[in-house]
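Visitor: I would like to learn how to read a structure like this one. Could you walk me through a few of its features?

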Amino acid sequence: MSRRWVGISNAAAAGFMLSASGALLLEGLVRGPVRVIAGAAVGMIFIAATGRVVGRYDHLRFGQLQAADAKKAILIVAVMTVHSFSEGVGVGVSYGGGTALGVFITLAIAIHNIPEGLAISLVLVPRGTPVLAAAGWSVFTSLPQPLVAAPAYLFVETFRPILPAGFGFAAGAMIWLVFAELIPDARAEMRPRAFTAWLGGSFVGMSLLQFALLAR
């Protein structure tokens with residue numbers, strides 16, 4: 001795949017992830033502003049540190065990817081997997097407010113996972129990951145949701161206070177990845193207008209989807 005399409009994929013993935021991050025921050029601010037801000041800071045530091053550690057290995061591999069491409073693949077899979085933990089807690093806690101609310105939140109997050117999975121594939125496939133493998137990693141990153149949802153429901157009062165911090169952590173991790181990795185790569189391969197169009201278009205599209213899911 002040409003470097004131009006790698007740039008387009010990075011820009012689109014960045015827009016999806018920025019929109020998702022914004023939604024997490026807004027939801028967290030409503031529940032606990034101090035905790036969401038602290039969580040975001042920790043998330044950024046955690047992913048930045050992870051990136052530095054991963055970057056020390058010159059012969060890094062991720063499936064068929066190597067070196068810098070492998071690093072980006074590992075980071076986005078790690079970030080989106082962490083993100084799924086917070087969504088799983090959100091699903092479990094939502095059932096504490098009644099079955100109807102729980103079902104709605106579950107369906108909303110399930111639909112929300114589609115563009116998030118696309119964002120992962122947009123980073124992996126242009127760099128050489130087979131489509132089926134990228135789809136598998138997209139599914140893998142969502143596995144924490146059902147695993148965490150059950151205990152979050154059973155111990156809803158325990159999990160509810162940490163939810164804003166979890167939202168913040170996931171948002172901070174994604175924001176760091178977008179600005180440190182995806183946007184620089186996209187800008188290096190694209191003209192400014194095209195970059196802005198793809199970034200803005202994916203951001204707006206994801207935001208409209210989230211608004212449609214949450215407006216009830």
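Visitor: Is Tyr153 buried, partly exposed or exposed?

Guide: This is a predicted model, and in it Tyr153 is partly exposed, with a relative accessible area of 46%. That value falls between the 20% limit for buried and the 50% limit for exposed.

Visitor: Which residue forms an aromatic pair with Tyr153?

Guide: To read an aromatic pair, look at the distance between ring centres and the angle between the planes. Tyr153 pairs with Tyr95 in an edge-to-face arrangement, 6.2 Å centre to centre and with 80° between the planes. Tyr95 lies in helix α3 and Tyr153 in helix α6, so the pair ties together parts that are 58 residues apart in sequence. Tyr95 is partly exposed too, at a relative accessible area of 27%.

Visitor: How many aromatic pairs does the whole structure hold?

Guide: A search of the whole structure gives 3. One of them joins Trp137 and Phe140, again edge-to-face, at 5.3 Å centre to centre and 85° between the planes. Trp137 has a relative accessible area of 30% and Phe140 one of 38%, which makes both partly exposed.

Visitor: What does Met17 touch, leaving out residues up to four places away in sequence?

Guide: Its contacts are Ile76, Val79, Met80, Ala119, Met174, Leu177, Val178 and Leu182.

Visitor: How many cavities of 30 Å³ or more are there?

Guide: Rolling a probe the size of a water molecule over the atoms shows where empty space is left. Here the search finds 1 cavity of 30 Å³ or more, and the largest cavity has a volume of about 40 Å³.

Visitor: What lines the largest cavity?

Guide: Among the lining residues are Met80, His83, Asn113, Glu116 and Ser138. Helices α3 and α4 each supply at least two lining residues, with the largest share, 4 residues, coming from α4. By type, the lining divides into 2 nonpolar, 7 polar and 1 charged. Met80 is also one of the residues that Met17 touches.

Notes
Residues are numbered from 1 along each chain as its sequence is written. This is a predicted model: local features need pLDDT of at least 70, side-chain atom pairs count only at pLDDT 80 or more; totals for chains, interfaces and linings use all residues. Side-chain values use heavy atoms; hydrogens and water are left out. Contact means heavy atoms within 4.5 Å. Rings of Phe, Tyr and Trp (its six-membered ring) pair if their centres lie within 6.5 Å; planes under 30 degrees apart count as stacked, over 60 as edge-to-face and the rest as tilted. Buried means under 20% relative accessible area, exposed over 50%, partly exposed in between (1.4 Å probe, protein chains only). On a 1 Å grid over the protein atoms alone, a cavity is a set of points where a 1.4 Å probe fits but cannot get out, and a pocket is an open set with protein on both sides within 12 Å along at least five of seven lines; lining residues have an atom within 4 Å of a point. Grid points are joined across faces, edges and corners, and a volume is the space filled by probe spheres set on the points. Ala, Val, Leu, Ile, Met, Phe, Trp, Tyr, Cys and Pro count as nonpolar, Asp, Glu, Lys and Arg as charged, and the others, Gly among them, as polar.
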